[in-house]
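Please look over the sequence and the model below.

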Amino acid sequence: MKNIIISLLIALTFIGCGKSIQTSYLSTSEPIFITENIKGKSFSIASQNFTPNFEQNLSQALEKNGYKKAIKNPDIAIKIALNYIRKNSDIRNNNFMEFGFGSGGFRRIGFGSGFGGGYESEYFYDAQASLYIAIHNGKDYQTNLNLQSQKSSFDYGLNQTKDNFESKIIDKIIEILNGF
């Protein structure tokens with residue numbers, strides 16, 4: 001019994017020590033289906049307004065999927081620009097109403113109501129990136145990638161959000177090139 005109580009106290013102590021994970025969503029303005037057979041699988045990347053490590057992270061992800069970085073004349077040219085990233089806030093109404101009835105003393109009957117809770121601020125980020133993929137001797141594909149983080153009362157930092165969004169963008173580019 002004593003061990004159970006000590007274990008419970010230790011578990012309750014560490015409940016708040018976990019790091020929260022930011023969830024984000026990505027959608028495209030136009031679906032992209034690459035139907036050409038890409039022969040050499042060599043690529044080049046040009047990016048604007050991303051973190052300094054974005055191109056390197058994208059290159060590593062592409063190389064893990066069988067693509068190789070081109071010195072010149074790539075089979076796949078990837079151009080991507082971050083159009084904007086912005087922090088937004090929203091106010092969630094979590095008011096509720098309570099009713100009660102009671103009586104007391106000589107001929108005293110009454111009812112009461114109360115309001116509780118209040119308003120809570122929620123924060124989220126949204127962003128848009130323009131993606132352009134050109135296949136050598138083939139078609140050109142373009143779409144906008146729209147990203148939004150989940151609303152949360154915890155205010156995630158811009159750097160964490162950019163990393164999260166960039167990871168989603170890299171995964172989407174790999175998904176497009178690998179044909180889903």
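D126 is buried, with a relative accessible area of 12%. Buried means under 20% relative accessible area, exposed over 50%, and partly exposed in between, with a 1.4 Å probe and protein chains only. This is a predicted model, in which local features need pLDDT of at least 70 and side-chain atom pairs count only at pLDDT 80 or more, while totals for chains, interfaces and linings use all residues. Residues are numbered from 1 along each chain as its sequence is written, and side-chain values use heavy atoms, leaving out hydrogens and water.

**Salt bridges**

The partner of D126 is R86, and their side chains meet in a salt bridge. The term asks for a side-chain nitrogen of Lys or Arg within 4 Å of a carboxyl oxygen of Asp or Glu. Side chains of opposite charge can pair when their charged atoms come close. The structure holds 4 salt bridges. The table shows some of them.

| Salt bridge | N to O distance |
|---|---|
| D126 and R86 | 2.9 Å |
| K87 and D155 | 2.7 Å |
| E175 and K172 | 3.0 Å |

D126 lies in strand β7 and R86 in strand β4, so this pair ties together parts that are 40 residues apart in sequence. R86 is partly exposed, at 43% relative accessibility.

K87 lies in strand β4, while D155 lies in the loop between β8 and α3, so their bridge ties together parts 68 residues apart in sequence. K87 is partly exposed at 43%. D155 is partly exposed too, at 34%.

E175 and K172 are 3 residues apart in helix α3, a separation of about one helical turn. E175 is partly exposed at 32%, whereas K172 counts as buried at 17%.

**Strands**

Helices (H or I, at least four residues) and strands (E, at least two) are DSSP runs, numbered from the N terminus. Two strands pair if DSSP finds at least two bridges between them. Strand β4 spans residues 76–93 and pairs with β2 (residues 42–48) in the parallel sense, over 6 bridges. There, I45 has I78 of β4 as its bridge partner. β4 also pairs with β7 (residues 119–135), in the antiparallel sense and over 17 bridges. I76 stands opposite I135 in β7.

**Nonpolar core**

A nonpolar core is a set of buried Ala, Val, Leu, Ile, Met, Phe, Trp, Tyr and Cys residues joined through side-chain atoms within 4.5 Å. The largest one has 31 residues, of which I34, L62, I76, I80, I133, I169 and L177 touch the most other members. At least two residues each come from β2, α2 (54–64), β4, β7, β8 (140–149) and α3 (158–177). Which element supplies the largest share of this core? It is α3, with 7 residues.

Contact means heavy atoms within 4.5 Å. Leaving aside residues up to four places away in sequence, I169 touches L26, F50, F54, I80, A129, L145 and L147.

**Rings**

F50 and F54 are both buried. Their ring centres lie 4.2 Å apart and their planes meet at 10°, so the pair is stacked. Rings of Phe, Tyr and Trp (its six-membered ring) pair if their centres lie within 6.5 Å; planes under 30 degrees apart count as stacked, over 60 as edge-to-face and the rest as tilted. A search of the whole structure finds 2 aromatic pairs. F154 and Y156 have ring centres 4.9 Å apart and planes at 80°, so this pair is edge-to-face. F154 is partly exposed at 47%, but Y156 is buried at 8%.
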